[in-house]
Amino acid sequence: MAKEPQVLIPGTEGLVLGCDYNPEQWDPAVWEEDVRLMTEAGVSLVAINVFGWAQIQPAADRFDFSGLDRIIELLHEAGIGINLGTGTASPPPWLSARHPEILPVSADGLRAWPGGRQAYCPSSPVFREAAARLVTEVATRYGSHPAVRLWHVSNELGCHNALCYCDVSAEAFRGWLRAKYETLDALNAAWGTAFWSQRYGAWEEILPPRRTLSSGNPGQALDFARFSSDEVLECFLVEERILRELSTIPVTTNFMATAHIRTQDYWQWAPHMDLIANDHYLDHRLPVPHQELALAGDITRGLAGGRPWLLMEQSTGAVNWQPRNLSKAPGELLRNSLTHVARGADGICFFQWRASVQGTEKFHSALLPHAGTESRTWREVLELSRALQSIKEVVGTEVVADVALIFSWEAWWATDLDSHPSEDVRYLDQVHALYRALWEAGVTVDIVAPGADLSGYRLAVVPSLYLVRDAEAAAVSAFVEAGGTAVVTFFSGIVDENDRVRTGGYPGAFRDLLGVRADEFFPLAAGGRVALDDGSTGRLWTESIEPTGSEVVASFTDGPLPGRPAITRNRFGGGTAWYLGTALDGEHLRVLLTEIAAEAGVTVSTTPGVERVLRRGEHGDFHFIINHTATDHTVALDGYELVTAQPVAESLTIPAGAVRVVRAAESEK
Ligand code: GAL
């Protein structure tokens with residue numbers, strides 16, 4: 001007998017539909033209607049008390065849980081699970097008024113004022129103590145409440161306040177450095193302080209990388225980024241320890257992978273979570289926002305070690321914080337949501353339930369818009385709810401991928417430091433470029449940490465991994481040696497973990513694997529383009545590549561290095577390692593990666609704009625097909641289509657803009 005699929009959150013069933021709910025913004029008369037409509041929409045998990053601090057602790061020595069008690073009972077009576085915020089997301093005015101020293105300070109010494117949110121220094125012992133006191137109260141009161149399914153620690157930790165340069169942070173930074181280096185000699189060596197007379201003679205001399213006249217010390221900047229991520233993680237851990245002592249309910253917090261926020265090294269955070277939760281908002285500043293949505297889903301699944309995860313927030317339509325807040329087209333909400341499910345989400349939650357009428361988020365979309373239930377949004381929410389019901393048997397299944405992309409927050413920090421060969425080489429752009437090419441080739445990608453075991457994959461992709469440790473580079477070589485295929489792109493392998501250049505020729509750590517050696521970089525001028533003899537073109541970068549055993553696949557025909565190799569391929573052990581010495585233009589990159597992937601035995605597709613992902617489990621193989629195009633698309637498949645509840649014989653047409661989920665015939669019970 002087949003086992004029941006494992007649900008993501010104990011006490012829930014099927015695919016979760018959920019939302020943030022801020023009842024404190026509403027008259028209690030509205031609450032009952034809210035709960036009734038939540039039931040109508042099939043909402044099964046509601047995050048409350050996320051920004052509740054000022055409500056439940058109106059003064060330093062006073063707690064008032066009456067409102068929260070009532071909300072919890074209303075939700076409980078309706079059978080709705082609770083994702084209970086610890087309430088520490090934003091300190092209330094009384095705390096910063098009493099303790100202005102908790103307010104964070106920017107790199108040029110400016111202290112932020114209260115009045116927004118998250119205005120605290122992550123290292124502040126005063127803040128941490130106040131947060132711990134609140135969490136203790138909340139966990140004591142609700143830690144075994146039958147409606148509480150999940151602890152939602154704080155909110156998007158480090159979203160606004162990740163980097164604080166105040167004196168308290170400076171002291172904490174010194175403590176972190178002492179623990180890391182033990183001796184000043186070790187720190188001076190790691191930071192290369194022989195340069196510009198920067199040598200430290202006492203720990204007290206060391207500061208965070210506050211604004212300097214000239215460029216600062218890169219080692220200091222890199223360690224400060226690591227320290228800052230650790231400090232914010234410590235804010236999570238302070239709460240987590242209390243919750244584990246007082247409650248057995250699973251603990252998590254909502255990550256912000258990926259988009260533009262890069263301050264947290266979530267590879268370090270992930271092991272502390274009972275389940276991985278992510279927030280995702282379409283970024284309309286990107287050329288194709290839904291490609292980044294897919295990447296965010298894949299990063300989140302990577303953080304979850306391949307297991308299902310929870311989408312803790314997305315929007316039904318527009319947000320309020322982009323320069324122009326675009327709404328979603330009809331059907332886009334379903335496509336976005338089921339793309340997250342395709343990529344491993346077993347729950348889809350939203351910010352927020354009811355659109356605010358006050359505050360800066362009053363023009364942010366919600367499940368229940370200002371217009372009420374007589375609205376397109378509400379109808380699409382009900383449609384999503386039905387779709388989640390009809391595909392619920394995918395719960396617990398895992399995404400199948402033959403390709404790994406190595407992604408590193410540390411490399412992101414290091415690559416984007418100043419004083420580099422070209423300010424146009426930005427880490428995330430390079431990740432997006434390679435991911436986009438694979439997305440367009442219909443290839444599902446697992447996102448893995450540097451050093452991960454790659455043995456289950458056919459192809460490993462390494463975008464501009466400027467900072468890499470010896471062992472992390474060796475993991476890529478071992479994979480290729482054992483028969484795998486790797487694609488490494490320019491500005492990889494350049495420095496070690498201390499941002500110290502690997503000498504003897506570029507690309508340092510990957511020279512042997514790639515069979516190339518370059519003695520000089522030749523980045524292009526702003527907006528520059530370079531042509532290759534295979535008809536492709538590149539941007540940003542060239543370098544003087546000398547093959548040392550590799551085969552030249554394409555050479556530059558113009559630019560600073562006409563006639564010199566641009567793309568090489570090297571046999572290494574039983575496998576093949578490709579090097580791309582320029583940023584190939586999109587279409588050329590897509591064509592090349594499609595060929596490389598196909599050669600490596602990866603299934604590729606040539607229908608641009610149609611996304612296909614396979615989730616597999618004991619209950620079957622589930623093919624997700626998301627048609628982002630304006631034309632119908634037909635695929636060859638046999639089985640049963642779950643969204644429309646139709647048998648599929650041989651082929652299925654996915655209407656323009658639609659999503660279908662097919663349980664494959666061979667896996668039917
Ligand atoms: C998130 C945050 C929510 C809400 C939302 C609006 O970053 O966690 O509280 O502000 O953005 O898009």
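**View 1. Domain 1 and domain 2 of the predicted model.** Between the centres of domain 1 and domain 2, taken over C-alpha atoms, the separation is 33 Å. Their contact draws 23 residues from domain 1 and 20 residues from domain 2. This model is predicted.

**View 2. Domain layout of the protein chain.** Domain 1 is built from three segments, 14-21, 36-43 and 253-390. Domain 2 spans 403-599. Domain 3 spans 610-668.

View 3. Which residues are around the ligand? They are Phe51, Arg117, Asn155, Glu156, Asp279, Tyr281, Glu313, Trp321, Phe351, Glu361 and His364. Sorted by class, this shell holds 4 nonpolar, 2 polar and 5 charged residues.

**View 4. Polar side-chain atoms at the ligand.** Asparagine 155 places a polar side-chain atom 2.8 Å from a ligand oxygen atom. For glutamate 313, a polar side-chain atom also lies 2.8 Å from an oxygen atom of the ligand. Tryptophan 321 has a polar side-chain atom 2.8 Å from a ligand oxygen atom. How much of the ligand's accessible area does the protein cover? On its own, the ligand has 310 Å² of accessible area, and the protein covers 96% of it.

Terms used: Residues numbered from 1 in each chain as written. Predicted model: local features only at pLDDT ≥ 70, side-chain atom pairs only at ≥ 80, totals over all residues. Heavy atoms only, no water. Near = heavy atom within 4 Å. Polar contact = N/O pair within 3.5 Å; in protein donor to acceptor, adjacent residues only side chain to side chain. Areas by Shrake-Rupley, 256 points an atom, 1.4 Å probe, with all protein chains shown as cover. Nonpolar A, V, L, I, M, F, W, Y, C, P; charged D, E, K, R; others polar. Domains from an automatic or database assignment. Contact = heavy atoms within 4.5 Å.
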